[in-house]
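Please look at the following model and read the report beside it.

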Amino acid sequence: MKYVLLICDDETNPPTNEELAADPVHQTWVADLERRGAKLGGERLRPVVDATTVRVRDGETLVSDGPFAETKDFVGGIVIVECANLDEAIEIAAGHPYARRGGVEIRPVWE
Amino acid sequence: MTAPDGVRTAVDAAYRDEWGQVVATLIGLTGDWDLAEDCAQDAFAAAVATWPRDGVPHRPGAWLTTTARNRATDRLRRDAAGAAKLRQLAVLARAPDEPPMEEIPDERLRLIFTCCHPALPFPARVALTLRTLAGLTTAEIARAFLTAEPAMAQRLVRAKRKIQEAGIPYRVPPAELLPQRLAAVLAVLYLIFNEGYDEEDVRRALTAEAIRLTRVLVRLMPHEPEPRGLLALMLLHEARRTTRTEDGVLVTLENQDRSRWDRSLIDEGVETLDQALAMRRTGPYQVQAAIAACHATAPDAASTDWPRIATLYTELARLAPSPVVDLNRAVAVAMADGIPAGLALVDELASAGRLDDYYLMPATRADLLRRAGRSAEAKTAYEEALRLAPTEAERRYLSERLRNL
């Protein structure tokens, strides 16, 4: 199964890339992914103030600033993983430091 | 030759006892939940058609599983997309005239854990468990949960789709996940029981289903104490069920006719609890069952061992903290150490505000105030409880209390 992990938090005091790289929880998580050979790809995203949402309604393209929905937590990164099943995806997601800061939404890839 | 009535009974018994296992085995073989249900249904239809003629097979479960499996093979053969599944099945497919397998591994445990996976919405877990394991029809489940049948059907379809599309594994979780996942399974079974326990109408059958499913779980996980704890709890509650209301009015534990409690259920409940406790790994269901056992084995209300019940509630509050448990503990303390000690705990809970709008909060306060002879305050509290009480039986009881102050 292929899953996309949406790494979310409310963006209060977001760590810099350097701080994240130095976070032992994050380091353990990266090492675990490597050991599993599960990571296919992924990137950290700029904060939600830099986000643009595009919707097309009745043939008209609506562009709005900000995230796609009003919510407390925002997607701050995505990771694409390939693993055996949802339980393994949950295990991987639960190891990410943002699972504590905010949450990680797991979405199966529509293949 | 078996008499038709006897055959009917045998088919009904097989449906009750074997449905879950037939479905579980077919899901294990094909990975297709709808196909599994359809083929199980076909197998039972075949039993109704052939058992009167050929007699009830020596092992009805093995006969039904073999028949369902052959049906699945036929259907997949006709379906091009089924080719891959068919290869898997071919290993296990058998000629129709071959005797059925003697030993079929029980797949129901995998099915229970999959139905109760935390990635599914809670109501879907309950519905799926009742449909695939207990064999209730969608219409029966809809009636039991006061939901329209199409909405219930939709809930089941969505749940099965999510299992497939999100990759929820069909398995018993590994040891490190087991405590958490087992708790989720027990929560579903207990909810099914409580849905049936609180109502006198169509939902009654749910308590029997919950007990039956919990017995299966106990048999499949003989070394886990909490399923036994839950079974004991259900049996001890069930033993008192018929005395809980009289002419539609709630009868409190204190005033129930103990001579009408079901002794054999109480004995079995106590024995089951003892087996669980002997494993020396405590858990919230075992503690709740121990409390229920204190009540069920007291010869009369006056000889209830309240100090022990208070201790058990303290233990329960540690294992599964909740304001409702604290409220129950306050009652036990009132009965063990005197009303003022209990009232103090209730007032503490009230000021924390976590039980606002919960009718048992003012009802408990009212009852303690009445026992303390503080009628005016009791009246106010009963009135508040009456405003919040969810069922007619409870409202009737509270009105009667109010009149008798």
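Helix α19 of chain B covers residues 392–403, which is 12 residues. From its first C-alpha to its last it reaches 16 Å, close to the 16 Å expected at 1.5 Å a residue. The expected span is 1.5 Å times one less than the number of residues in the helix. Helices here are DSSP runs of H or I with at least four residues, strands are runs of E with at least two, and both are numbered from the N terminus.

This is a predicted model, in which local features need pLDDT of at least 70, side-chain atom pairs count only at pLDDT 80 or more, and totals for chains, interfaces and linings use all residues. Residues are numbered from 1 along each chain as its sequence is written, while chains are lettered from A and ligands numbered from 1 in the order in which they are written.

Which residues of α19(B) are buried? They are B:Ala393, B:Glu394, B:Tyr397, B:Leu398 and B:Arg401. Seen down the axis of α19(B), these buried residues fall within an arc of 130 degrees, so they line one face of the helix. The arc is taken from the directions that run from the helix axis to the C-beta atoms. On the other side of α19(B), B:Glu392, B:Glu400 and B:Arg403 are exposed. A residue is buried if 20 or more other C-beta atoms lie within 10 Å of its own, exposed if 12 or fewer do, and partly exposed in between, with C-beta atoms placed from the backbone.

The cover over the buried residues of α19(B) includes the strands β1 (245–246) and β2 (249–250) of chain B. It also includes the helices α17 (360–371) and α18 (375–388) of chain B.

The domain assignment of chain B gives domain 1 (4–105), domain 2 (305–347) and domain 3 (357–405). Such bounds come from an automatic or database domain assignment. The centres of domain 2 and domain 3 of chain B, taken over C-alpha atoms, are separated by 19 Å. Seven residues of domain 2 of chain B are in contact with seven residues of domain 3 of chain B; two residues are in contact if their C-beta atoms, placed from the backbone, lie within 7 Å. Helix α16(B) gives the most, with four residues. By class, that side has six nonpolar residues, one polar and no charged. Ala, Val, Leu, Ile, Met, Phe, Trp, Tyr, Cys and Pro count as nonpolar, Asp, Glu, Lys and Arg as charged, and the others, Gly among them, as polar.

The table sets out the two chains.

| Chain | Residues | Buried | Box of C-alpha atoms |
|---|---|---|---|
| Chain A | 111 residues | 20% | roughly 45 × 35 × 20 Å |
| Chain B | 405 residues | 41% | roughly 80 × 50 × 45 Å |

Chain A has four helices and six strands, and from the N terminus on its elements run β-α-α-β-β-β-β-α-α-β. Chain B has 19 helices and two strands.

Five residues of chain A are in contact with seven residues of chain B. The side of chain A that touches chain B has three nonpolar, one polar and one charged residues.

As for confidence, the model scores ipTM 0.78 and pTM 0.86. Chain B averages a pLDDT of 90, and 91% of its residues score at least 70. The pLDDT is the predictor's confidence in each residue, from 0 to 100.
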